[in-house]
Amino acid sequence: MTSQTRLGKIPHLCSSKSTSFYSSSKVYQNRMTAAALIAHTDFSDLQLVKRGKVRDVYAAGDEHLLIVATDRISAFDCILPTPIKHKGAVLAQLSRFWFERLKHITPNHLVTTKLDEMPEMLQSHKDKLRNRSMLVKRTEVFPFECVVRGYLAGSGWKDYLRTGEVCGHRLPSGLCESDELPEPLFTPATKAAEGHDINISEVEMSAFVGVEATNHLREVSLRLYREARQHARTRGIIIADTKFEFGRDAEGQIILVDEALTPDSSRFWSANDYRTGISPPSFDKQFVRDYLETIDWNKQPPAPPLPPEVAEATTERYLEAHRLLTGTELED
Ligand SMILES: Nc1ncnc2c1ncn2[C@@H]1O[C@H](COP(=O)(O)OP(=O)(O)O)[C@@H](O)[C@H]1O
Ligand SMILES: [Mg+2]
């Protein structure tokens with residue numbers, strides 16, 4: 001995603017209220033030493049389909065893909081040299097939680113996260129795959145980010161200030177930054193291979209995939225968002241916006257793919273820190289962004305390393321997001 005549409009990209013203020021997770025950090029301290037940090041995988045016997053900013057994707061036969069969530073973290077569009085312990089496991093297990101919880105709304109690509117159920121060709125890598133990997137149905141992905149916005153934030157806020165609209169949707173006047181929108185908005189963008197994603201209208205989207213698929217993608221995206229944010233709200237997290245990807249499986253069915261409702265694909269705010277008229281701190285990347293704003297770095301690669309205390313505080317935040325949303329401890 002880009003400056004126009006990227007979620008969770010605006011630098012945030014430091015919060016003084018977000019201390020609840022420290023009380024449970026003892027449990028995590030033990031785990032901090034146990035799990036391996038994986039910033040990069042290189043399984044030379046497998047075909048690498050894509051190395052994303054965070055996830056490495058391998059072919060697993062003709063019908064399946066293996067998606068490995070690493071511990072890489074990016075900020076200001078740069079991958080940082082310091083990995084974040086447990087981050088990959090959090091991303092994989094949160095996605096699994098949402099796929100399971102939302103499967104009555106739409107089928108999804110998840111086949112299994114259990115190593116024993118994965119193909120033989122993956123078994124020799126199982127130490128590295130454990131708790132951070134998904135075997136999924138391979139699909140033809142629609143080249144769109146199905147963005148849903150529930151709050152006036154990021155590029156949507158900038159759009160509104162300039163035009164009174166967000167991606168072509170006219171809104172009431174007098175809204176403040178971070179206000180909840182009267183209704184969640186579906187604001188799709190093209191998935192650019194390189195560089196900036198571009199917001200597109202539903203008419204433009206229909207020209208690619210047809211009216212029926214466009215209506216389906218909008219309705220399903222809005223339902224997924226509404227149901228997820230309602231759950232998150234009861235757990236102290238506001239999902240300000242998020243993006244979904246969909247693909248067509250071998251039977252021609254449209255299914256939810258990629259990751260779902262993770263901190264990397266969404267803008268999470270702590271309900272405790274939420275106020276309008278400001279950009280509330282990012283639930284997960286607040287310490288990273290605050291730190292990077294204090295040092296002399298021009299936001300161009302290479303990004304500087306993070307001090308251990310910033311990396312550890314960020315780990316705690318990812319663990320907290322997982323614990324709050326799922327109500328369970330991370331498997332790691
Ligand atoms: N079920 C699937 N079938 C085919 N491609 C998929 C599927 N699920 C995810 N993908 C693709 O895998 C890639 C995941 O890489 P990711 O780490 O998200 O990269 P990026 O940095 O582009 O976000 C994306 O290109 C996504 O479209
Ligand atoms: Mg992605």
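Helix α2 crosses helix α8 in a left-handed manner. In this predicted model, the axes of α2 (residues 87–101) and α8 (residues 308–326) come within 9 Å and cross at roughly 20°. Since angles under 35 degrees count as roughly parallel, α2 is therefore roughly parallel to α8.

**The α2–α8 contact**

- From α2, the contact draws on Lys87, Val90, Gln93, Leu94 and Phe97.
- From α8, the residues taking part are Tyr318, Leu319, Ala321, His322, Leu325 and Thr326.
- By residue class, the contact of α2 with α8 comprises 7 nonpolar, 3 polar and 1 charged.

**The α5–α6 crossing**

- The axes of helix α5 (residues 202–209) and helix α6 (residues 211–234) come within 7 Å, with a crossing angle of roughly 125°.
- Because of this angle, α5 is oblique to α6.
- The crossing of these two helices, α5 and α6, is right-handed.
- On the α5 side, Glu202, Met205, Ser206 and Val209 make the contact.
- On the α6 side, the contact is made by Val211, Ala213, Thr214 and Arg218.
- The contact of α5 with α6 contains 4 nonpolar, 2 polar and 2 charged residues.

**Helix α7**

- Which residues of helix α7 (residues 286–294) are buried? They are Gln286, Phe287, Val288, Arg289, Tyr291 and Leu292.
- These buried residues of α7 pack against β4 (74–75) and against α8.

**The surroundings of ligand 1**

- How many residues surround ligand 1? There are 17, and the closest are Gly52, Lys53, Arg55, His109 and Val257.
- Two or more residues of the shell around ligand 1 come from each of β2 (55–60), β7 (133–137) and β14 (237–248).
- In the shell around ligand 1, 6 residues are nonpolar, 4 are polar and 7 are charged.

**The chain as a whole**

- The protein chain contains 8 helices and 16 strands.
- The chain has 332 residues, of which 45% count as buried.
- Of the contacts between residues at least 6 apart in sequence, 70% join residues at least 24 apart.

Terms used
Residues numbered from 1 in each chain as written. Chains lettered and ligands numbered in written order. Predicted model: local features only at pLDDT ≥ 70, side-chain atom pairs only at ≥ 80, totals over all residues. Near = placed C-beta within 6 Å. Helix = DSSP H or I, 4+ residues; strand = E, 2+ residues; numbered from the N terminus. Nonpolar A, V, L, I, M, F, W, Y, C, P; charged D, E, K, R; others polar. Axes fitted to C-alpha atoms, helices over the stretch in contact; angles between N-to-C directions. Parallel < 35°, antiparallel > 145°, perpendicular 65-115°, else oblique. Left-handed = near helix turned anticlockwise from the far one by under 90°. Contact = placed C-beta atoms within 7 Å. Buried ≥ 20, exposed ≤ 12 C-beta atoms within 10 Å, placed from the backbone.
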